[in-house]
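This briefing is meant for a reader who is meeting the structure for the first time.

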Amino acid sequence: MTDDYAVAAGLRRGGEEFRSVMDSYWAPLMGAAVNILGNREDAEDACQETFVQIFRNREAYDPARSFRNWIFAILYRRCIDILRKKRRSRDAAIRLGNELPRPARGQGQDSEAAGAAVPARILALLSARERAAVALWAGEGFSAAEISAVLGCSASTARVTLFNARRKLKSFLENNHGSF
Amino acid sequence: MDHSDGIMALARILPFASWKDRLLVRHAERCPACAARLATAEEARIFLVRIPQTGNRVWNPAALLGASEASVRPEPSRTLRLRPAWRWTAAAAGFGLAVLLTWSLVRSLSSGPGRTGFASVGRRTADAPAESRIGPHAGSGDLRLAYIRIDNEPARAIVFKPRDSNLVLVWAGRY
């Protein structure tokens, strides 16, 4: 808790202190974003938007709350926004169908390949909320209560979300043990 | 098939997270057989991407901070964008409520008893004496507005008769 007060003071001072705080959180935030969104480009956008939002609202941060939960909650909302935008554009593309120009051969395949990195395995298995829960739990060591603060749900819902995700992952591992 | 299969099946059909949490998750956390059906943190990490802390920084903090600090007027937040919409919504709701109240008042008055052929319009006061004369058109049952005067000067009159109602509303004002 004392750390959060120090962080809050650093945030308010801005400048280098803000940057050093953000530097220390960049890798965990980026990792969570990649695991939720499934590709690095969108994850970078989510992280940048998160940092900008933190910077703009740094005066509003209440050090009584966990700083880590606060910034991951902002990141999670940014990721959900990006996924919604992508879903809308994908739906629009489906509606337009053949009217959209097709990318030239080779274009976009690189980014597809880059996006189909490791998280692609969990993208197909889990929902965005479940991916976030797993990334926070296994990747960052969040408890169910902390995950609920990030996801904006009750601790029960967070536990059940994590339960379902872990069940799906275990089932996948048992059925595909040869490929791992 | 052990009890874990039943637990997992129950996990799918129970409708509420609180029920699932109480009956299943907490049980699974304690029961070794059920816990074995869940991926451990170590197993879950197989699926996750880890970004090294010393990896290539893809964002430029200085530029990002500079852009944020340089923006005198930050991009309007969602709440700010919604504020005019809320005002319009509240105004529209108030107007709709006023129309509804007027309509219900008109309806209740039009169905009320004790209607006479004559009605006074306006209120005679020392400040704004007004007089008028309306009465039934001979034999037809229609109302005729003869005149409206305010301070002994002709006044502007607006007559309104709601549809499906016998009530006639008359507004009078100075020219």
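The model shown here is predicted. In it, Ala33(A) touches Ala43(A), Ala46(A), Cys47(A), Leu75(A) and Cys79(A), leaving aside residues up to four places away in sequence.

**The largest nonpolar core**

- The largest nonpolar core holds 62 residues, and the members that touch the most others are Ala33(A), Leu75(A), Ala133(A), Leu136(A) and Ile147(A).
- At least two residues of this core come from each of α1, α2, α3, α4, α7, α8 and α9 of chain A, and likewise from α2 (17–30) of chain B.
- The element that gives the most to this core is α2(A), which supplies 11 residues.

**The packing of α8(A) and α9(A)**

- The axes of α8(A) and α9(A) lie 8 Å apart and the two helices pack at an angle of about 105 degrees, which means that α8(A) is roughly perpendicular to α9(A).
- On the side of α8(A) the contact is made by Ala144(A), Ala145(A), Ile147(A), Ser148(A) and Leu151(A), while α9(A) brings Ala155(A), Thr157(A), Ala158(A), Arg159(A) and Leu162(A).

**The make-up of chain B**

- Chain B contains 6 helices and 5 strands, and from the N terminus on its elements follow the order α-α-α-α-α-α-β-β-β-β-β.
- Of the 175 residues in chain B, 9% are buried.
- Among contacts in chain B between residues at least 6 apart in sequence, 28% join residues that are at least 24 apart.

How values were computed
Residues are numbered from 1 along each chain as its sequence is written. Chains are lettered from A and ligands numbered from 1 in the order in which they are written. This is a predicted model: local features need pLDDT of at least 70, side-chain atom pairs count only at pLDDT 80 or more; totals for chains, interfaces and linings use all residues. A nonpolar core is a set of buried Ala, Val, Leu, Ile, Met, Phe, Trp, Tyr and Cys residues joined through C-beta atoms within 7 Å. A residue is buried if 20 or more other C-beta atoms lie within 10 Å of its own, exposed if 12 or fewer, and partly exposed in between; C-beta atoms are placed from the backbone. Helices (H or I, at least four residues) and strands (E, at least two) are DSSP runs, numbered from the N terminus. Two residues are in contact if their C-beta atoms, placed from the backbone, lie within 7 Å. Axes are lines fitted to C-alpha atoms, for helices over the stretch in contact, and angles run from 0 to 180 degrees between N-to-C directions. Angles under 35 degrees count as roughly parallel, over 145 as roughly antiparallel, 65 to 115 as roughly perpendicular and the rest as oblique.
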